[in-house]
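Here is a brisk report on a single protein chain. Overall dimensions come before local detail.

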Amino acid sequence: MTIWIGIDPGSISGALGALDARGDYLDSFEIQHKDKHILALVFKNHLLKIIDPKEDAQICMEYVWSLPGNGSASSFQFGRAVGVISAVAELTAPLSFVTHQKWKKHFHLSADKNESLDLARSFWPEAKLLRKKDGNRAEALLMALYWQDMVNGKQDKPTQNPD
């Protein structure tokens, strides 16, 4: 049985969502930070609680980049967080990347996080995605489902490169 994990990275707003082999909800959480630094060991321990060592796991993380107009300090902080998150994930299970354009197109979603929240709520009401800020958890869950669909051949073949 494969555990499917999606990660929406961020320096203070990152989240993870996990689904079982049937696409049923397992867990989701915000990636903890302190003073805008990802708590790597906390993240690793939470990730290892989700993944049974006897089971297979696949992780799909959103391929992100800094935006024009962001200051160098915030871009560095964001890049550092993404690096920590991807390193911990890659040391845990196979890690692949997808752009937000690709996974959102798969579900016919716009950039509006409310749409992602609504769709994730309809798929997994037990996830308790009650607040607007749960949009990152919702998107992580949808990325996990997207990756499950890709690997299982329900659309395009998966690639390791986001382009």
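The protein has 163 residues and a radius of gyration of 15 Å, which agrees with the value near 15 Å for a compact globule of that length. This radius is taken over C-alpha atoms, and the globule rule is 2.2 Å times the number of residues to the power 0.38. The model is predicted: local features need pLDDT of at least 70, side-chain atom pairs count only at pLDDT 80 or more, and totals for chains, interfaces and linings use all residues. Residues are numbered from 1 along each chain as its sequence is written, and side-chain values use heavy atoms, without hydrogens and water.

The order of elements along the sequence is β-β-β-β-β-α-β-α-β-α-α-α. Helices (H or I, at least four residues) and strands (E, at least two) are DSSP runs, numbered from the N terminus.

| Property of the protein | Value |
|---|---|
| C-alpha span along principal axes | about 40 × 35 × 35 Å |
| Accessible surface | about 8700 Å² |
| Carbon and sulfur share of that surface | 54% |
| Buried share of the 163 residues | 45% |

Accessible areas come from the Shrake-Rupley method with a 1.4 Å probe; for residues, only the protein chains shown count as cover. Contact means heavy atoms within 4.5 Å. Of the contacts with a separation of 6 or more, 60% join residues 24 or more positions apart.

Where does Ser86 sit? Ser86 lies in helix α2 (residues 72-90). Its relative accessibility is 15%, so Ser86 counts as buried. Buried means under 20% relative accessible area, exposed over 50%, partly exposed in between (1.4 Å probe, protein chains only). Beyond its neighbours within four places in sequence, Ser86 contacts Met61, Leu95 and Phe97.
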